[in-house]
Amino acid sequence: MIVLGIETTCDETAVAIVRDGSEILSNVLRSQIEEHKPFGGVYPEIASRAHVEHLIPLIEKALIEASLSKDEIDLIAVSYAPGLIGSIVIGLNCAKSLSLALNIPFVGINHVEAHLYAAMMSSQKAPAFPSLGLALSGGHTLLVKINAIGSYTHLGTTVDDAIGECFDKVARFMDLPYPGGPEIEKLALSGDPSKYPFKAGQVKGRPLDFSFSGLKTNVLYTLKGQNTDKSGASILEEEEKKHVAASFQYAAFKDVVKKTLLAAQLHSCKEIYFGGGVTQSNALKKLFIETSPSNMVFHFPQKNLCLDNAAMIAGLGYHQFLAKGASSLTLEALPRTSF
Ligand code: KG4
Ligand code: ZN
């Protein structure tokens, strides 16, 4: 089955063509990072307009790269939630229009679920269940037990900032460009992670939930002084910033690793599937490997499937269609939803 995937939930316009859930025939995208850089984060109106401008040319490009024509597509898969509503509707309406015009079924895909599927797509062996799934991105922090593709038990999420959002905000406090995660990782390489005793938050009675906003504020006050404003000048020497970056990154990742390993123990899972932009971090991978029991198996998505992409949407679309059939044309875009 040849599936055309469309992804427009945030700041990447992405299209891919995937055969039978895992064979990637083409995977193209246009990142909007440069347009959003001046704002230090994603500017929703700019994102929507860029999707309108670039989606159709990308569909054409994906077909050319896969050497296929439109009528050879068997299914259209599109992310319909969660994300920026104005961006999602561009991809969703495009998918519905193609579905109607070409008489091809379409399926609406949950973007975060697709991030977890990306690691399964990248793995050579068949997925093992039950396993843990950990989605860490600019908009999501989610820990689930994966019972099967399409069946999940929610274990933990953030009660405030998403982890990637926290990296982006801390980077902004340090005058580092957007997206902040890779910049912090680079700076942290030469810093001392034990110099500042930062800690991520704990949620009372919910040991698998996350909280990063207190950590973010603590970093802000360390950089700019107690009770300061975000726009204030730094009170630290430039040389000191690398230690702040390393200590912040260590505190955030230590918390993620600790809670994920606790979940693995509580739910008897021996394999972990990772997804989302933050899981690109080598510092995170290293900490997981160093801290976990030696029999734990990790599945990180291949590099081009970590960040937002449409191959993961097309790949999961194949499984969802086989299990549940096509979506209805009345499917609506949702800014927030679980799966
Ligand atoms: O999955 P993604 O492309 O978009 C969302 O669905 O949000 O993830 C982007 C996020 C950004 O917040 C970015 O700062 C973060 O992933 N990120 C990182 C790293 N690389 C990307 N965060 C920490 N360390 C990294 N190396
Ligand atoms: Zn994403």
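Reply: On a 1 Å grid over the protein atoms alone, a pocket is an open set of points with protein on both sides within 12 Å along at least five of seven lines, a cavity is a set where a 1.4 Å probe fits but cannot get out, and lining residues have an atom within 4 Å of a point. The model is predicted, so that local features need pLDDT of at least 70 and side-chain atom pairs count only at pLDDT 80 or more, whereas totals for chains, interfaces and linings use all residues. Residues are numbered from 1 along each chain as its sequence is written, chains are lettered from A and ligands numbered from 1 in written order, and side-chain values use heavy atoms, without hydrogens and water.

Two or more lining residues come from each of the helices α6 (180-188), α8 (241-266) and α9 (282-291) (helices are DSSP runs of H or I with at least four residues, strands are runs of E with at least two, and both are numbered from the N terminus). Helix α9 gives the largest share, five residues. By class, nine residues of this lining are nonpolar, three are polar and four are charged (Ala, Val, Leu, Ile, Met, Phe, Trp, Tyr, Cys and Pro count as nonpolar, Asp, Glu, Lys and Arg as charged, and the others, Gly among them, as polar). The volume of the second largest pocket is about 390 Å³ (grid points are joined across faces, edges and corners, and the volume is the space filled by probe spheres set on them).

In the whole structure, a search finds one cavity of 30 Å³ or more. The largest cavity holds about 50 Å³ of space. Its lining is made of L4, I59, L63, K70, I73, I76, L98, L102 and I104, and helices α2 (44-65) and α3 each provide at least two of the lining residues. Eight residues of this lining are nonpolar, none is polar and one is charged.

Strand β1 pairs with β2 (residues 12-19) in the antiparallel sense over six bridges (pairing requires at least two DSSP bridges between two strands). In this pair, L4 stands opposite I17 of β2, and the two strands form a hairpin with four residues between them. Strand β1 also pairs with β4 (residues 75-81), here in the parallel sense over four bridges. The bridge partner of I6 in β4 is V78.

A81 and P82 are joined by a cis peptide bond with omega of about -20°, and P82 lies in the loop between β4 and α3 (85-102). Another cis peptide bond runs from F129 to P130, with omega near -5°; P130 belongs to the loop between α4 and β6 (131-136).

The zinc ion (ligand 2) has H111 (NE2), H115 (NE2) and D308 (OD) as protein donors, 2.0 to 2.1 Å away (donors are N, O and S atoms within 2.8 Å of the metal, or 3.2 Å for Na, K and Ca; water is not among the atoms, so sites may look incomplete). Along the chain, the donors follow the spacing H-x3-H-x192-D. H111 and H115 are separated by about one helical turn because they are four residues apart in α4 (residues 111-122). H111 counts as buried because its relative accessibility is 2%, and H115 is buried at 1%.

Two loop residues complete the picture. D175, in the loop between α5 (163-173) and α6, is not a glycine, yet its phi is positive, near 60°. D175 is exposed because its relative accessible area is 63%. N227, in the loop between α7 (213-224) and α8, likewise has a positive phi of about 55° without being a glycine. At 60% relative accessibility, N227 is exposed.

Terms used
Buried < 20%, exposed > 50% of the residue type's maximum accessible area, 1.4 Å probe, protein only.
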